[in-house]
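Hi everyone, thanks for coming. Let me put the structure up on the screen, and then we can walk through a few parts of it together.

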Amino acid sequence: MMRRRTTLLAGCTALVLALGATACGGGEPVAAGGGDKALGGQTVTVAGVWSGNEQKNFQKVLDAFTEKTGAKTQFVSTGDNVSTVVGSKIEGGNAPDVVMVPQVGVLKQFAGQGWLKPLDKKVQSTVGANFAEVWQNYGSVDGTLYGLYFKAAHKSTVWYSPEALEQAGVAEPRTYDEMLENGRTISDSGLAAFSVAGQDGWTLTDWFENVYLSQAGPEKYDALAAHEIKWTDPTVVDALTTLGKLFKDKQLIAGGQKEALNTDFPGSVEKVFGPKAEAAMVYEGDFVAGVAKDQFGRTIGTDANFFPFPPVGGGEAPVVSGGDAAVVLKDGKNSEAGMALVEYLASPEAAAVWAEAGGFLSPNKKLDVSSYGDDVTRATAESLIAAGDSVRFDMSDQAPAAFGGTKGAGEWKILQDFLRDPADPKKTAAELEKAAAKAYGN
């Protein structure tokens, strides 16, 4: 369920999507702000994975677009199977105008199918002014810009209980090795260091990607994401070896490997921020904050905080991200109005609407960070923007779904097996390469 973190992006969406968002239908179209406006009388249909609070907050953005342009909007929640739902709607002659695509692989798939309209020159100009080049590249296929990344996730954050670290007498770590050393000190004080959500294979891919990006560097990361180098490359074995130091240390993981493999993402957050703490830290993206706050009543910045995923082996600190891109379908009934919506979504004005509502990060560098509702979210957003072109998109979300996004198969399953028994990184690397070669076709 890939859409978990790229769509899981922020806030309590993590919980919604980790459990599986399947709702469809967004209710009645929103009333237009005024028939005398530029797009009065038109309706823009938007499809996306969002449901629950995320859908409600995105509707506030759509309402602001209505007020600005006069166009009505209608949102349809697809659940996780975006490509299947959109494909069936196109075949049935009922294509939406805009789709919020939750990963690079699906955007490329849609472009390859010939479903997308390139973003027009006006939108390109807005995107060029407001977004780092890396986000433009992730929205492009073969040099043509199709997608505008409206919503992002910062997936290089380690969340912790300040009380637990204080009681153990340790501070936020500056390196990966120091993080493990601090974890052992925490464990000696009577609380496990980490809660690991091994039941959800996608969390393990995120662990790997942060270690790999920091240790191997961005060029190797890009090459591995495109399967231009094999998963048997020594850099992969090195990253698995580094990750294995954590996975095999029963002192560091709450309940050991067996319990980790029976812990899903919401459960991993609960082990740190729930009523009965079992661990001091949980690694995952900025969306951990939404679960800690909305599900367990934690005050972000006071009894739940984060530190950046620390650099590994002398490398740079990693910044792994995910995101949802707005694309315009050729077969939509109002693709011109759809293009106007994408232009609006590229503006800091649109991003500010959701930023103020909460549960959201924007890669728009023109958005004033004061729009975010708390200091921790502001710090997360600043870190994402400051990373500029060094940001790397979630690797498994760039891969074919058969390898990077299928429960019980491919990378998810192989990394779960590695968590179960991390004794042979070379063997795991060979299994990853076998699965990748089949999925990529090379």
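Predicted model: local features only at pLDDT ≥ 70, side-chain atom pairs only at ≥ 80, totals over all residues.

At the start of the helix, a side-chain oxygen of Asp374 comes to within 3.1 Å of the backbone nitrogen of Val376.

Now, which residues of H18 are buried? They are Val376, Thr380, Ala381 and Leu384. Looking down the helix axis, these buried residues fall within an arc of 135°, so they line one face of H18. Over on the other side, Asp375 and Ala386 are exposed.

Four strands make an open sheet, in the order E9-E10-E8-E11, and the pairing is mixed. At the edges sit E9 (192-195) and E11, each pairing on one side only. On average, neighbouring strands here are turned by 30° against each other, direction ignored. If you zoom in on E8 and E10 (residues 279-283), you will find them paired in the antiparallel sense over 3 bridges. Tyr160 stands opposite Met281 in E10.

What packs on this sheet? Helix H9, residues 176-188, does, and it touches E8, E9, E10 and E11. The direction of H9 makes about 120° with that of E9. Then there is helix H14 (residues 265-273), which lies across E8, E9 and E10 and runs at about 145° to E10.

Next, a residue I'd like you to find: Val288, in helix H15 (residues 288-294). Is Val288 buried or exposed? Its relative accessibility is 0%, so Val288 counts as buried. Not counting residues up to four places away in sequence, Val288 touches Trp159, Phe265, Val269, Phe273 and Val282. For a sense of distance, the C-alpha atoms of Val288 and Gln257 are separated by 21 Å, and the two residues are 31 apart along the chain.

My second residue is Asn130, in helix H6 (residues 121-130). Asn130 has 8% relative accessibility, and because buried means under 20%, Asn130 counts as buried too. Its side chain joins that of Lys366 in a polar contact of 3.5 Å. Leaving aside neighbours within four places in sequence, the residues in contact with Asn130 include Ala346, Ser347 and Pro348, as well as Pro363, Asn364 and Lys365.

One last stop, at helix H5 (residues 104-112). Its buried residues include Val104, Val106, Leu107, Phe110 and Ala111. Down the axis of H5, the buried residues fall within an arc of 165°, so they line one face of this helix. And what follows H5? Gly114 does, with a positive phi near 75°.

Note on methods:
Residues numbered from 1 in each chain as written. Heavy atoms only, no water. Buried < 20%, exposed > 50% of the residue type's maximum accessible area, 1.4 Å probe, protein only. Helix = DSSP H or I, 4+ residues; strand = E, 2+ residues; numbered from the N terminus. Arc of directions from axis to C-beta. Polar contact = N/O pair within 3.5 Å; in protein donor to acceptor, adjacent residues only side chain to side chain. Pairing = 2+ DSSP bridges. Axes fitted to C-alpha atoms, helices over the stretch in contact; angles between N-to-C directions. Contact = heavy atoms within 4.5 Å.
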